[in-house]
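Please read the following note alongside the sequence and the three-dimensional view.

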Amino acid sequence: MDKFTACMKFIALWEWGNRTDGGYRKLPQFLAAAKGKQKLLAVYLINTASNAAILKDKKQQDRIIGDSISLAKQNKFDGIVLDFEMSSAAFPNTVANISS
């Protein structure tokens, strides 16, 4: 059993927008290993500069949501987890943008 299968029995990782990402490329292996179990798609956005721009762009947010839902439905995931990382989350305006 490889590292991916051992660690990701229930959650498949996908870096949004990156179809060459290891998690995306290994979706078939993940789905086979998780057959019959609850499966969650973890969509991760970890670049602070990109994420700051995403917070200001409703169309980009809608695209991320739509792409994530589409991939989850296409592969029969039971839910989606968003891993949205910001190094400046303590700033009030960043918190407000994330919450709205």
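**Notes on the predicted model**

1. A52 counts as partly exposed because its relative accessibility is 28%, where partly exposed lies between buried (under 20% relative accessible area) and exposed (over 50%), using a 1.4 Å probe and protein chains only. A52 belongs to helix α4, residues 48-55. The C-alpha atoms of A52 and M86 are 7.7 Å apart, although 34 residues separate the two along the chain.

2. This is a predicted model, in which local features need pLDDT of at least 70 and side-chain atom pairs count only at pLDDT 80 or more, while totals for chains, interfaces and linings use all residues. Residues are numbered from 1 along each chain as its sequence is written, and side-chain values use heavy atoms, with hydrogens and water left out.

3. The protein contains 6 helices and 3 strands, both taken as DSSP runs (helices: H or I, at least four residues; strands: E, at least two) and numbered from the N terminus. Their order from the N terminus is α-β-α-α-β-α-α-β-α.

4. Of the 100 residues, 32% count as buried. Among contacts (heavy atoms within 4.5 Å) between residues at least 6 apart in sequence, 70% join residues at least 24 apart.

5. N75 sits in the loop between α5 (58-74) and β3 (79-84). N75 is buried because its relative accessible area is 17%. Leaving aside residues up to four places away in sequence, N75 touches L27, L31 and K39. A polar atom of the N75 side chain lies 3.0 Å from the backbone oxygen of L71.

Note on methods: Polar contact = N/O pair within 3.5 Å; in protein donor to acceptor, adjacent residues only side chain to side chain.
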